[in-house]
Amino acid sequence: MSKKIYLDNAATTRVRKEVIDEMSRYFDELYGNPSSQLYELGRKSKEAIEKARKILANFLNAEEKEIYFTASGSESDNWALKGVAFANLNKGKNHIITTKIEHHAILHTCEYLEKFGVETTYLDVDRYGLIDLEQLKESIRPETMLISVMFANNEIGTIQPIEKIGEIAKEHGILFHVDGVQALGSVKIDVNKQHIDLLSMSAHKIRGPKGIGGMFIRKGTRIDNFVHGGGQERGRRAGTEGVQNIVGFGKAVELASQDFNHHIERLTVLRNRLIEGIKNNIPDVVLNGHPTERLPNNVNFSYKFVEGESILLLLDMEGISASSGSACTSGSLDPSHVLLATGLDHGTAHGSIRFTISEEITEEDIDFTIETMKKIIDRLRAMSPIKNDEDLKK
Amino acid sequence: MYSEIVMDHFRNPRNVGHMENADGVGQVGNPKCGDIMKIYLKIKDELIEDVKFETFGCGSAIASSSMATELIKGKSIHEAVELTNKAVIEALGGLPPVKVHCSVLAEQAVKSALYDYAQKTNKVIKGLENYKAEDDEIHCQQ
């Protein structure tokens, strides 16, 4: 088999060498518990955490005391929603507004919160995955406590007008949570300019380690704690800190901030090359997501008359890793809720493939991927009993 | 995730393609569920002389169709009607639980093609007297 081409960077990323180097010291050399402040080893760990916190705060234009470390992006999402709900339910607030295309960490948490009397409005999206600000405004009730909208979608890459949503939330005195897991490092995030009150983050999407998440909580935000126990994270999130992971997160963000603009420019060029290449070489494809308001690393197409899992298996045989919105790959009955929310029919949604690139990808990799996709789609279409749009509608 | 045999049939599907002037054609599934199988039969003196399939679906759907065609090729129509999804799974060296419906679809596609042949030739195949393919929506939920 030829070279491996990893095009699933929205799933996770390869940890940067510099990140691993930085982390490695905190396993056997600087292993102190940051709560043990009476000896140097403990103090060193604490310092390392605070250094990482500062890097994140600077990157987001936040204050250090507004940054908290969690175990994952999902934990941050859970904390934001449950924490705000439990702190506000007894204040006569029981309504959350979110969207139909959120990550399951948001959707399933909202579903769970119904048990406690929380009501949720799920905003529609247009065919490009964008929400309608008018529908958002119309959905606001006196009981609305939180608006939660993802910065950028993990499947189709669509970037929401976060600043405008933030303005609306602020005008109405409603807290604004943003799931920034996919956006961090790919889109400029400024929590003040964009009026964000809570922001979920994850390290492993930006070439940091797995098992470490972060959350920005604007000071003064009414939110309950989520993990109860010791006094870590200024009493807001218990559990001995994963020092090495926090250090890795900090380093990953530091590196991302250093070549931020160049990184985005380079990825955008590669992304557009892949989009154009697929569009120009393979007939009957649909680009999912927004043509321009999209993550610089995301390419998501539906290939009509074929099914996604088959494409992934054939791609894997050529050394290419990607992912699909087909039901067959999710273990559920329906294809991706995101694709369906954009109005795509089931049959077309089953044939969707997401490629997410990284700075390790070259132009040659992109061209090889286009060529390989053309062969795979031709091969599967020759095998398919569905030959046209009419068959697809049956 | 998949057995070696499944991967082999996915990579090198047997009897794949369209058939002109088939004696029996059966199509089951729908695009909504994400899999459709179409089976074509060439039948002479109640023997399945040739069989072809076309499938829209995942790896195991393609492998199940391929295996089902192998299992009925050269058999009599009365033997072919006995083909079960379990036999397909067994021959494939197993399928993951969420993919069992692919083998059900393969069994139904074969039966549906045989029924089509019986209808066209005014024959009665034992076991297919009042055949009706499972509702597509039902297979979706298996």
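How many bridges join strand β7 (residues 198–202) of chain A to strand β8 (residues 213–217) of chain A, and in which sense do the two strands run? In this predicted model, five bridges link β7(A) with β8(A), and the strands run antiparallel. Within this pair, A:Ser200 has A:Met215 of β8(A) as its bridge partner.

**The sheet of chain A**

The two strands belong to an open sheet of seven strands in chain A, ordered β2-β8-β7-β6-β5-β3-β4, in which the pairing is mixed. Strands β2 (67–70) and β4 (119–123) of chain A form the edges, each pairing on one side only. With direction ignored, neighbouring strands of this sheet are turned by 20 degrees against each other on average.

Helix α3 (residues 73–88) of chain A packs on this sheet, where the helix touches β2, β3 (95–99), β5, β6, β7 and β8 of chain A. The direction of α3(A) makes about 160 degrees with that of β7(A).

A:Ile67 stands opposite A:Phe216 in β8(A). In a regular strand, side chains alternate between the two faces of the sheet. In β2(A), A:Ile67 and A:Phe69 point one way, while A:Tyr68 and A:Thr70 point the other way. All four of these residues are buried.

**Helix α6 of chain A**

Helix α6 (residues 162–171) of chain A has the buried residues A:Ile162, A:Ile165, A:Gly166 and A:Ala169. Viewed down the axis of α6(A), these residues fall within an arc of 100 degrees, and they therefore line one face of the helix. An α-helix has 3.6 residues a turn, so residues three or four places apart point the same way. The face turned away from the buried side of α6(A) carries the exposed residues A:Glu163 and A:Glu171.

What do the buried residues of α6(A) pack against? Their partners are α5 (133–139), β5 (144–150) and β6 (175–179) of chain A. The helix lies across β5 and β6 of chain A and runs at about 155 degrees to β6(A). Just after α6(A), A:Gly173 takes a positive phi of about 65 degrees.

**The two domains of chain A**

Chain A is divided into domain 1 (17–258) and domain 2 (259–385). The C-alpha centres of these two domains of chain A lie 28 Å apart. Their contact involves 19 residues from domain 1 of chain A and 21 residues from domain 2 of chain A. On the side of domain 1 of chain A that touches domain 2 of chain A, eight residues are nonpolar, eight are polar and three are charged.

A:His263 is found in helix α9 (residues 260–281) of chain A. Is this residue buried, exposed or partly exposed? A:His263 has 19 other C-beta atoms within 10 Å and is therefore partly exposed. The C-alpha atoms of A:His263 and A:Pro296 are separated by 9.1 Å, although the two residues are 33 residues apart along the chain.

Chain B contains an open sheet of three strands in the order β1-β2-β3, with antiparallel pairing. Strands β1 and β3 of chain B stand at the edges with a single partner strand each, so one side of each is left without a neighbour in the sheet. From one strand to the next, the twist averages 15 degrees. Strands β2(B) and β3(B) pair in the antiparallel sense over nine bridges. B:Lys38 has B:Glu54 in β3(B) as its bridge partner. Helix α2(B) lies across β2 and β3 of chain B, whereas helix α5 (residues 100–121) of chain B packs on the sheet and touches β1 and β2 of chain B.

| α3(A) | β7(A) | about 160 degrees |

Between the chains, 21 residues of chain B are in contact with 21 residues of chain A. On the side of chain B that touches chain A, at least two residues come from each of β1 (24–30), β2 (35–44), β3 (47–56) and α2 (59–72) of chain B. By class, this side of chain B has 10 nonpolar, seven polar and four charged residues.

How values were computed
Residues are numbered from 1 along each chain as its sequence is written. Chains are lettered from A and ligands numbered from 1 in the order in which they are written. This is a predicted model: local features need pLDDT of at least 70, side-chain atom pairs count only at pLDDT 80 or more; totals for chains, interfaces and linings use all residues. Two residues are in contact if their C-beta atoms, placed from the backbone, lie within 7 Å. Helices (H or I, at least four residues) and strands (E, at least two) are DSSP runs, numbered from the N terminus. Ala, Val, Leu, Ile, Met, Phe, Trp, Tyr, Cys and Pro count as nonpolar, Asp, Glu, Lys and Arg as charged, and the others, Gly among them, as polar. Domain bounds come from an automatic or database domain assignment. A residue is buried if 20 or more other C-beta atoms lie within 10 Å of its own, exposed if 12 or fewer, and partly exposed in between; C-beta atoms are placed from the backbone. The arc is that of the directions from the helix axis to the C-beta atoms. Two strands pair if DSSP finds at least two bridges between them. Axes are lines fitted to C-alpha atoms, for helices over the stretch in contact, and angles run from 0 to 180 degrees between N-to-C directions.
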